[in-house]
Amino acid sequence: TIQACSSMKIFQYLQYGVIPIVSNIGDLPTYIFNGKAGYIAKHTNNDDLTQVIKRALENNEDSIAKVAYAQQYSPKVFSWKSLATKVENVYNQLLKI
């Protein structure tokens, strides 16, 4: 799906030090740890997107901190082990039903 593809791309961006700018639609903000590893713009507001891009370009220290956070935490969240644990938890919950 498009959503799955988007999350995989965002994971790749995070691993390679590319700071994603996403809209506040659906799960996209959670993929960048609610703004700790990227920037979030309002999806219906072009002025907000412009301001977010300017902030990303002008605030080097914040951008560097976001890259460091992403490279530290995204492998833990997006790893196969993490995915397997989540699937196992869902499976176990379904067994209880």
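Helices (H or I, at least four residues) and strands (E, at least two) are DSSP runs, numbered from the N terminus. This is a predicted model, in which local features need pLDDT of at least 70, side-chain atom pairs count only at pLDDT 80 or more, and totals for chains, interfaces and linings use all residues. Residues are numbered from 1 along each chain as its sequence is written, and side-chain values use heavy atoms, with hydrogens and water left out.

View 1. A salt bridge here is a side-chain nitrogen of Lys or Arg within 4 Å of a carboxyl oxygen of Asp or Glu. The count by this rule is one. Lysine 66 pairs with aspartate 62, their closest N and O atoms 4.0 Å apart. The two residues sit four apart in helix 4, so about one helical turn separates them. Lysine 66 counts as buried (under 20% relative accessible area; exposed is over 50%, partly exposed in between; 1.4 Å probe, protein chains only), with a relative accessibility of 10%. Aspartate 62 is partly exposed at 26%.

**View 2. Isoleucine 64 and glycine 17.** Isoleucine 64 also belongs to helix 4. This residue is exposed, at 56% relative accessibility. Its C-alpha lies 8.9 Å from that of glycine 17, 47 residues away along the chain.

**View 3. The largest nonpolar core.** Such a core is a set of buried Ala, Val, Leu, Ile, Met, Phe, Trp, Tyr and Cys residues joined through side-chain atoms within 4.5 Å. Nine residues form the largest one: Ile10, Leu14, Val22, Leu28, Tyr31, Ile32, Phe33, Ala37 and Ala70. Contact means heavy atoms within 4.5 Å. Beyond its neighbours within four places in sequence, leucine 14 touches Pro20, Tyr31, Ile32, Phe33, Ala37, Ala70, Gln71, Ser74 and Phe78.

View 4. Asp48, Val52 and Ala56 are the buried residues shown in helix 3. They share one side of the helix because they cover an arc of only 75 degrees around the axis, an arc taken from the directions from the helix axis to the C-beta atoms. The buried residues pack against strand 1 (21-23), strand 2 (39-41) and helix 4 (60-78). On the face turned away from the buried side are the exposed residues Asn46, Asp47, Leu57 and Glu58.

**View 5. The N-terminal cap of helix 3.** Asparagine 45 caps this end, with a side-chain oxygen 3.0 Å from the backbone nitrogen of aspartate 47.

Terms used. A polar contact is a pair of N or O atoms within 3.5 Å; within protein, one must be able to donate a hydrogen and the other to accept it, and residues adjacent in sequence count only if both atoms are side-chain atoms.
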